[in-house]
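Thanks for making the time. I have one structure to go through today, so please have the sequence and the model open.

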Amino acid sequence: MPFVTRAVLGDVRQGTYAAIRRYAPAVICLGYDQRALGRDLRKRMRKRQLPRATIVALKPYHPERHKTSFVRARRKLQNN
């Protein structure tokens, strides 16, 4: 039995939560640094503005290589 039956990306336009409304997921996985988004989702779920789901914060994947600030710095160097 598969653990994930469907995986979808979040919304292109932030703050709309259209993907959550459309798919009503059982689990929402967030990046380890998306605490504010997690708080907002929980608040909206309590107010019944969004369907209830379990929110999981994922562990960082090689943060010493893939942290956003490092990726941006590498891109800046490549573009100069």
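Predicted model: local features only at pLDDT ≥ 70, side-chain atom pairs only at ≥ 80, totals over all residues.

Ala73 comes out at 40% relative accessibility, which puts it in the partly exposed class.

Ala73 sits in helix α4, so let me stay with that helix for a moment. α4 runs over residues 68–79, twelve residues in total. From the first C-alpha to the last, α4 covers 16 Å, close to the 16 Å expected at 1.5 Å a residue. How many of its twelve residues are buried? The number is zero, so α4 lies largely in the open. To place Ala73 against another part of the chain, take Ala36: the two are 37 residues apart in sequence, and their C-alpha atoms are 24 Å apart in space.

Now to the inside. Which residues make up the largest nonpolar core? There are nine: Tyr17, Ile20, Ile28, Leu30, Leu41, Met45, Leu50, Ala53 and Ile55. Two elements, β1 at 27–30 and α2 at 35–46, each contribute at least two residues to this core. Leaving out residues up to four places away in sequence, Leu41 touches Tyr17, Ile20, Ile28, Leu30, Leu50 and Ile55.

Tyr17 is located in the segment before α1. Its relative accessible area is 8%, and because anything under 20% counts as buried, Tyr17 is classed as buried. The backbone at Tyr17 has a positive phi of about 55°, although the residue is not a glycine.

Ala24 also has a positive phi without being glycine, in this case near 45°. Where is Ala24? Ala24 is in the loop between α1 and β1. With 45% relative accessibility, Ala24 is partly exposed.

Next, Leu37, which belongs to helix α2. Leu37 is partly exposed, at 27% relative accessible area. Lys59 is 22 residues from Leu37 in sequence, with 16 Å between the two C-alpha atoms.

Last item, the largest pocket. The space in it comes to about 980 Å³. How many residues line this pocket? The count is 26, and those nearest the centre are Val8, Leu9, Gly10, Ile28 and Cys29. As for elements, α1 at 18–23, β1 and α2 each supply at least two lining residues. Which of them gives the most? That is β1, with four residues. By type, the lining divides into 18 nonpolar residues, six polar and two charged.

Notes
Residues numbered from 1 in each chain as written. Heavy atoms only, no water. Core = buried A, V, L, I, M, F, W, Y, C linked by side-chain atoms within 4.5 Å. Buried < 20%, exposed > 50% of the residue type's maximum accessible area, 1.4 Å probe, protein only. Contact = heavy atoms within 4.5 Å. 1 Å grid on protein atoms, 1.4 Å probe; cavity = no way out; pocket = protein on both sides within 12 Å on 5 of 7 lines; lining within 4 Å. Points joined across faces, edges and corners; volume = space filled by probe spheres on them. Nonpolar A, V, L, I, M, F, W, Y, C, P; charged D, E, K, R; others polar. Expected span 1.5 Å × (residues − 1).
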